[in-house]
Amino acid sequence: MADFRSDTVTQPCQHMRHLMAIAEVGDDVYGDDPSVNRLEAWAAERHGFEAALFVSSGTQANLLGILSHCQRGDEYLCGQEAHNYRYEAGGAAVLGSVQPQPIENLPDGTLPFDKLEKAIKPDDSHFARTRLLSLENTIGGKVLPLDYLKAARQFADKHGLALHLDGARVYNAAVASGVDVTEIARPFDSITVCLSKGLGAPVGSLLLGEKAFIQRARRLRKMLGGGMRQAGILAVAGQYALENNVARLAEDHANARFLAEGLNQLDGFSTDAYAVHTNIVFVDVAPAVDMQAIARELAQQNLIVSPGYQGMRLVTHKDIARADVERLLAILARLVA
């Protein structure tokens with residue numbers, strides 16, 4: 001089975017499963033799980049922060065980040081396409097009474113500073129208090145330029161804002177940019193890192209920041225029902241992923257470019273409108289192409305795609321080999337002929 005729907009479908013390798021089976025565990029709510037403690041300490045140092053918190057999902061990590069930076073009645077600036085605005089069920093507003101103020105993303109995924117500045121509310125009782133700027137890297141598979149991240153830090157400092165990064169695929173961004181992940185993380189007050197996408201762990205994300213910030217987030221995690229007990233079984237998988245599965249992300253990026261080039265050779269498919277920076281390929285499908293029927297036929301051939309997702313989105317990952325991409329392209333060519 002080759003599943004192109006997302007890099008969230010990755011399976012733990014046999015060695016990762018072995019480490020999970022023999023993991024040293026304790027009660028993490030009491031702070032007694034040595035594997036969780038080891039991961040959090042290692043991750044904080046690795047990414048250049050004082051502390052880290054292991055949580056069950058990227059959605060929870062982002063929510064804890066926003067709620068730890070903001071109070072009820074505050075607002076955060078973000079992109080219209082931001083995952084923590086568009087795809088996380090409005091959690092900050094629903095659970096934290098924190099108002100999102102979305103700004104339209106530019107084609108490269110950045111947010112224009114002139115529009116961000118105009119969106120900042122004055123110190124007036126009529127308005128929510130603007131406290132936070134949240135960026136995402138990668139966003140739609142696109143990598144934010146390092147110079148832009150540095151400028152975002154200057155912008156946040158100028159306006160007294162905290163700066164948060166939804167770094168669900170931050171390692172894809174680092175590999176594509178040819179830099180260490182700390183170069184991307186450095187401008188931010190907090191970042192999240194998803195362990196269960198291209199890195200290949202089965203469950204979990206990290207939230208990183210200053211000690212006091214992580215202490216607030218830990219309390220909120222418990223409030224949200226996110227306290228875990230013998231979570232070391234998952235933590236060892238996450239640490240293995242960070243230590244062993246980063247460099248190979250370049251293979252996913254190469255496979256994504258190969259896939260995009262191949263799709264452009266097929267009648268009714270075009271990726272020309274979308275830059276392929278990392279492992280995500282967006283493709284426009286002509287109305288004459290019955291993608292729903294094609295998806296059903298592909299499933300019969302053990303190839304899984306999601307038709308109709310923003311045109312169509314295909315994602316490469318560690319469980320997609322070049323041969324799988326070639327097979328997908330060959331069957332698509334036959335079906336649209």
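Mentor: We need one definition before we start: helices are DSSP runs of H or I with at least four residues, strands are runs of E with at least two, and both are numbered from the N terminus. Bear in mind as well that this is a predicted model.

Trainee: In which loop does Asn 302 lie, given that its phi is a positive value?

Mentor: Phi of Asn 302 is near 60°, and the residue is one other than glycine. Its relative accessibility of 39% counts as partly exposed. As for its place in the chain, Asn 302 belongs to the loop between α13 (291-300) and β12 (303-304).

Trainee: What is the relative accessible area of Ser 97?

Mentor: Ser 97, a residue other than glycine, also has a positive phi, near 55°, and it lies in the loop between α5 and β4 (99-103). Since buried means under 20% and exposed means over 50%, Ser 97 counts as partly exposed, with a relative accessible area of 29%.

Trainee: What is the omega of the cis peptide bond at Thr 138?

Mentor: Thr 138 sits in the loop between β5 (129-136) and α7 (146-159). The cis bond joins this residue to Asn 137, and its omega is about 5°.

Trainee: Which element gives the largest share of the lining of the second largest pocket?

Mentor: This pocket has a volume of about 250 Å³ and is lined by 13 residues, with Leu 67, Cys 70, Gln 71, Arg 72 and Leu 220 nearest its centre. Two or more lining residues come from each of α3 (58-69), α5 (91-96) and α10 (211-223). By class, the lining comprises 7 nonpolar, 3 polar and 3 charged residues. The largest share, 4 residues, is given by α10.

Trainee: Which exposed residues does α2 carry on the face turned away from its buried side?

Mentor: Helix α2 (residues 34-47) has 14 residues and reaches 20 Å between its end C-alpha atoms, close to the expected 20 Å. Ser 35, Val 36, Leu 39, Glu 40, Ala 43, Ala 44 and His 47 are buried in it, and they line one face because they fall within an arc of 160° seen down the axis of α2. The face turned away from them carries Ala 41 and Glu 45.

Trainee: With which residues is Asp 28 in contact, leaving aside its neighbours within four places in sequence?

Mentor: Asp 28 lies in the loop between α1 (14-21) and α2. Its relative accessible area is 2%, so Asp 28 is buried. Beyond those sequence neighbours, Asp 28 is in contact with Asp 33, Val 36, Asn 37, Arg 221, Met 228 and Arg 229.

Conventions: Residues numbered from 1 in each chain as written. Predicted model: local features only at pLDDT ≥ 70, side-chain atom pairs only at ≥ 80, totals over all residues. Heavy atoms only, no water. 1 Å grid on protein atoms, 1.4 Å probe; cavity = no way out; pocket = protein on both sides within 12 Å on 5 of 7 lines; lining within 4 Å. Points joined across faces, edges and corners; volume = space filled by probe spheres on them. Nonpolar A, V, L, I, M, F, W, Y, C, P; charged D, E, K, R; others polar. Expected span 1.5 Å × (residues − 1). Buried < 20%, exposed > 50% of the residue type's maximum accessible area, 1.4 Å probe, protein only. Arc of directions from axis to C-beta. Contact = heavy atoms within 4.5 Å.
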